[in-house]
Amino acid sequence: MTLMAEPSATGRFGEFGGRFVPETLVPACQELEEAFREAWADPSFRAEYQAILRDYAGRPSIITECHNLGRQLGIRLVLKREDLNHTGSHKINNVLGQTLLAKRMGKKRIVAETGAGQHGVASATAAALMGLECKVYMGAVDVERQALNVFRMRLLGSEVEAVESGSRTLKDAVNEAMRDWVATVESTHYCLGSVMGPHPYPWMVREFHRVIGDEAREQMHAAYGADPDVVVACVGGGSNAMGIFSGFVDTDARLVGVEPAGGAAVGRGVPGVVHGMRSYLMQDEYGQVQEAHSISAGLDYPGVGPEHSYLASIGRAEYPAVTDAEVIEGFQLLARTEGIIPALECAHALAWISREAPNMQGQTVLMNLSGRGDKDVAQMMEILG
Amino acid sequence: MSTAVAYGRMEQSFRDKRSAGRKLLVPYITGGLPGWEDALRAAVAAGADAIEIGIPFSDPVMDGPVIQQASQLALDAGATPVSILDQARALDVDVPLAVMCYYNTVHHAGHHRFAEQLVAAGICAAIVPDLPLEESGPWCEAADASDVETVMLAAPTAPDDRLPRVCARARGFVYSVGLLGVTGERSALAATATALARRLKAVTDVPVLVGVGVSNAEQAREAVQVADGVVQGASVVRRLLEGGADAVGEYVAEVRAAIDG
């Protein structure tokens with residue numbers, strides 16, 4: 001079987017995925033699947049999407065070799081610079097794809113969930129560009145720790161609602177966005193921000209991020225004449241990892257998705273069903289979903305995209321975890337050695353690379369730098385004093 | 001050989017009552033909420049035809065603020081699916097009992113094990129609001145094997161060709177979702193409530209009950225002009241939260257009178 005191709009007719013990657021949604025949403029998921037399938041096969045939609053990625057988001061994003069840090073760690077470290085996209089992260093790829101699709105489907109309004117605010121900002125940006133109404137749900141805890149992004153979204157004309165239920169973080173923002181969608185499904189598209197949720201989202205969002213891996217592969221070949229030995233990305237829901245993995249899943253490269261220790265859904269290895277999908281899920285002995293705890297709002301998610309669960313279950317990708325303390329180190333390391341401030345999410349990948357470097361001497365390591373750290377500077381200022 | 005269908009306990013009871021001209025009333029009560037067993041008995045005494053026991057879940061995406069709050073209070077009080085089923089076993093009421101639970105509760109316990117736990121607790125039916133028709137196979141198979149009736153939900157968004165397939169898989173009753181949205185009280189019964197009930201009545205003889213957004217006695221009376229009965233969720237739970245078992249009993253009696261009248 002070809003890896004990272006289309007899921008089965010029921011939206012399965014192996015035993016993961018599916019469409020576990022209330023009856024009210026089934027027709028909308030079916031309609032979305034049909035619309036995406038048709039658009040993705042339509043050269044004019046592809047051309048429109050590629051043009052907007054180029055002329056608005058600033059693609060292709062470059063790759064940057066980290067000579068200083070690479071020398072220090074004894075590896076060749078190359079970054080895929082998704083932090084340089086418009087709005088500062090990879091999230092814009094998916095959002096531009098989904099909003100183009102929403103318009104094609106005749107929807108007037110989008111709703112989105114956000115953790116760190118990157119997907120919310122990207123959604124608000126695309127909504128402004130395309131003339132769509134936009135409402136973003138964000139956990140109340142995250143609203144506090146990412147105040148700047150909240151202001152950005154409002155500046156872009158979106159409504160932001162602080163979600164006070166449950167753990168008041170990303171998972172609760174997803175719940176609230178789904179509740180909104182259940183009530184407004186006829187006029188509204190749910191612009192889900194990761195490779196998660198009910199079919200077709202995990203597949204569709206991965207396809208919208210495939211450009212990361214496709215570009216990186218070409219760039220690596222042009223620069224070094226070979227595939228990397230290791231491809232690394234951080235994983236919350238897992239969209240940036242899926243994007244870069246998709247370019248290398250058919251190579252010999254080792255694929256590594258780094259989870260936060262306090263949100264290690266794959267690491268715990270227990271499947272569950274929430275937010276429309278069957279996937280690995282942090283839960284207690286009765287199946288109550290547990291709260292993730294991580295220094296980075298964007299990775300504070302107790303689940304993971306179903307295709308990651310599948311890649312883990314067949315051993316094609318590995319999912320180690322790093323602690324908040326290691327992440328703080330990684331964050332400062334890149335800033336000091338390379339003059340690049342990474343998003344806290346990406347600092348997870350750096351933390352793993354620096355820990356694992358002794359076992360990768362002389363190897364070429366490609367890391368997806370999926371977002372820039374400007375949004376995290378206030379938080380880090382408090383932590384580092 | 002007779003070809004008579006053997007209905008489950010809840011469906012047989014509902015069909016008998018419908019034949020006798022009675023409209024069906026199913027209050028929802030959040031299991032594990034302090035005082036829930038007294039409230040349940042009060043609802044039965046006031047004329048409920050069955051009770052839907054909510055098993056609280058951490059992420060109830062089909063529920064609005066009132067039932068979310070009740071679920072959280074129950075979880076905070078230490079309620080688990082096992083503790084609620086243990087308490088249900090001791091209830092000793094003479095109407096059929098159903099559980100309303102999210103699919104991860106079932107999935108985590110295991111389909112067959114969960115079905116057997118329900119049977120052991122004297123529960124005859126299950127409503128799983130995030131398990132649509134296409135994903136319902138493994139659970140329904142286990143439920144059928146244990147004679148647990150699986151109530152299917154039908155939504156206003158369903159195209160005509162979907163409704164007969166949903167009804168064909170429904171046991172106990174068909175839960176006709178009253179509006180586009182989550183559970184909670186509204187100032188008026190949505191037009192979708194009676195419209196969907198009418199569409200369902202045209203394609204099935206399984207009892208059709210309207211739930212979600214049926215918020216008071218008057219709206220219940222309106223709904224049963226078309227449907228065989230109503231499920232009352234947030235309006236019951238709010239009274240339990242605010243006034244305890246007595247308030248639940250009074251309210252159920254009021255709705256009973258309205259739909260009997």
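Student: What should I know about numbering and confidence before I start?

Tutor: Residues count from 1 along each chain as its sequence is written, with chains lettered from A and ligands numbered from 1 in the order written. The model is predicted, so local features need pLDDT of at least 70 and side-chain atom pairs count only at pLDDT 80 or more, while totals for chains, interfaces and linings use all residues.

Student: How many helices and strands does chain A have?

Tutor: Elements are DSSP runs numbered from the N terminus: helices are H or I with at least four residues, strands are E with at least two. Chain A has 15 helices and 15 strands.

Student: What does the radius of gyration say about chain A?

Tutor: Take it over C-alpha atoms and hold it against the globule rule, 2.2 Å times the number of residues to the power 0.38. For 385 residues the rule puts a compact globule near 21 Å, and chain A, at 19 Å, agrees. Its C-alpha trace spans about 55 × 45 × 45 Å along the principal axes.

Student: What share of chain A is buried?

Tutor: Count other C-beta atoms, placed from the backbone, within 10 Å of a residue's own: 20 or more is buried, 12 or fewer exposed, and in between partly exposed. In chain A, 61% of the 385 residues are buried.

Student: Is helix H2 of chain B enclosed or open?

Tutor: H2(B), residues 36-45, is largely enclosed by the rest of the structure, because seven of its 10 residues are buried. Among them are B:Trp36, B:Leu40 and B:Val44. The buried residues pack against strand E1 (24-30), strand E2 (51-54), helix H4 (81-89) and H11 of chain B. After H2(B) comes B:Gly47, with a positive phi near 110°.

Student: Which residues touch the most other members of the largest nonpolar core?

Tutor: In soluble globular proteins, nonpolar side chains tend to be buried together. A core here is a set of buried Ala, Val, Leu, Ile, Met, Phe, Trp, Tyr and Cys residues joined through C-beta atoms within 7 Å. The largest has 222 residues, and B:Ile29, B:Ala98, B:Ala126, B:Ala154 and B:Tyr175 touch the most other members. Helix H11 (residues 234-260) of chain B gives the most, 10 residues.

Student: How many residues does each chain bring to the contact between A and B?

Tutor: Residues are in contact if their C-beta atoms, placed from the backbone, lie within 7 Å. Chain B brings 31 residues and chain A brings 28. On the chain B side, H5(B) gives the most, six residues.

Methods: Contact = placed C-beta atoms within 7 Å.
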